[in-house]
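This report describes selected local features of one protein chain. The sequence and structure are shown first.

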Amino acid sequence: MEIWQAIILGLVQGLTEFLPVSSSGHVAFFQGVFGINDDQIALFFTIILHLGTLVAVCVVFWKDIIALFKKPFKTLGFLALATVPAAITGLLFEYFDLDDVLLNRKCMGIVLSVLFFVTAAVLFITEMVVKRRQNTLPLCFKTVIPMGLAQAMAVLPGISRSGSTICAGTLAGCRSEEVAKFSFLMSIPVILGGFIVELGSGLYKGEIQQSFVEGGATLGWSVALGFIISAISGLFAIKVMLKVIKKANYKWFSLYLVLLSITCLVLHFTFFNA
């Protein structure tokens with residue numbers, strides 16, 4: 001991996017983790033375009049990029065994070081409940097190595113094309129529904145459970161975590177301000193849990209150590225720059241997304257994803273499998 005590639009991937013991860021366009025799908029897409037085929041380096045670098053976006057969430061929502069541990073712990077309970085589905089699906093993905101299957105270059109273009117299009121459709125439908133009704137429900141079981149299930153589906157590359165959880169909560173009738181805050185808080189245990197699992201697995205298998213042996217100083221600089229840039233761009237993306245959610249204006253993201261879906265399909269037959 002070159003340093004310029006790390007900079008671009010850090011920027012992509014930071015922006016797309018919180019915008020409703022799927023960070024995992026975008027990072028996989030750009031790694032495919034860049035021809036990064038070293039799974040060991042890609043694994044460790046992805047872990048660090050996620051850690052950068054975790055820092056961004058903590059910086060923006062530090063007051064809300066502290067409030068989670070104050071009585072009556074209602075929001076903390078909702079957060080734990082919403083995290084269970086994603087934890088189960090994440091472990092299943094890790095156990096069966098489904099990422100390797102879905103993001104194999106032989107089928108990656110088609111998989112990303114289909115799932116990007118699914119995210120686009122969900123965003124478009126959500127905007128159409130919300131424009132025609134007034135959401136009044138507070139954060140409750142009726143809104144938290146759909147958000148948790150949506151986050152579980154977002155383990156699929158191309159399904160946006162932020163987009164799916166926000167759409168699920170909004171379609172369930174929850175107020176936009178509460179949906180936004182809770183969706184970002186939901187990312188903390190998922191990102192942190194994924195970081196711990198992937199880091200532990202990588203160290204146990206010796207993949208991370210081997211990555212640094214092969215990558216040397218270049219990988220070190222790439223990791224540092226990727227982390228910093230993903231954190232900074234993540235801060236920007238959160239601010240943008242908070243404004244977008246208030247207006248429920250998702251159509252431009254939907255259009256972008258449709259175009260990206262078509263691009264993935266074209267690249268599948270012309271580049272990824274060339």
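Predicted model: local features only at pLDDT ≥ 70, side-chain atom pairs only at ≥ 80, totals over all residues.

## Packing of helix 2 and helix 12

Helix 2, residues 23-34, packs against helix 12, residues 251-272, with an angle of about 30° and an axis separation of 12 Å. The crossing of helix 2 over helix 12 is left-handed.

On the side of helix 2, the contact involves His 26, Phe 29, Gly 32 and Val 33. Helix 12 contributes Tyr 256, Leu 257, Leu 260, Thr 263, Cys 264, Leu 267, Phe 271 and Phe 272. By class, these contact residues comprise nine nonpolar and three polar, with no charged residue.

## A nonpolar patch on the surface

A nonpolar surface patch is formed by Val 84, Ile 88, Leu 92, Tyr 95, Phe 96, Leu 98 and Val 101. Together, these residues have about 700 Å² of accessible area.

Two helices, helix 5 (74-96) and helix 6 (98-102), each provide at least two residues of the patch. Helix 5 gives the largest share, with five residues; Phe 96 belongs to this helix.

## Backbone geometry in two loops

The peptide bond that leads from Lys 71 to Pro 72 is cis, and its omega is near 10°. Pro 72 lies in the loop that runs between helix 4 (62-67) and helix 5.

A further backbone feature concerns Ser 22, which has a positive phi of about 80° although this residue is not a glycine. Ser 22 is placed in the loop between helix 1 (3-18) and helix 2, and helix 2 is the element that packs against helix 12.

## Salt bridges

Side chains of opposite charge can pair when their charged atoms come close. With a cut-off of 4 Å between a side-chain nitrogen of Lys or Arg and a carboxyl oxygen of Asp or Glu, the count is four salt bridges.

Methods: Residues numbered from 1 in each chain as written. Heavy atoms only, no water. Patch = residues over 30% accessible without salt bridge, like charges linked within 9 Å, V, L, I, M, F, W, Y side chains within 5 Å. Areas by Shrake-Rupley, 256 points an atom, 1.4 Å probe, with all protein chains shown as cover. Helix = DSSP H or I, 4+ residues; strand = E, 2+ residues; numbered from the N terminus. Axes fitted to C-alpha atoms, helices over the stretch in contact; angles between N-to-C directions. Left-handed = near helix turned anticlockwise from the far one by under 90°. Contact = heavy atoms within 4.5 Å. Nonpolar A, V, L, I, M, F, W, Y, C, P; charged D, E, K, R; others polar.
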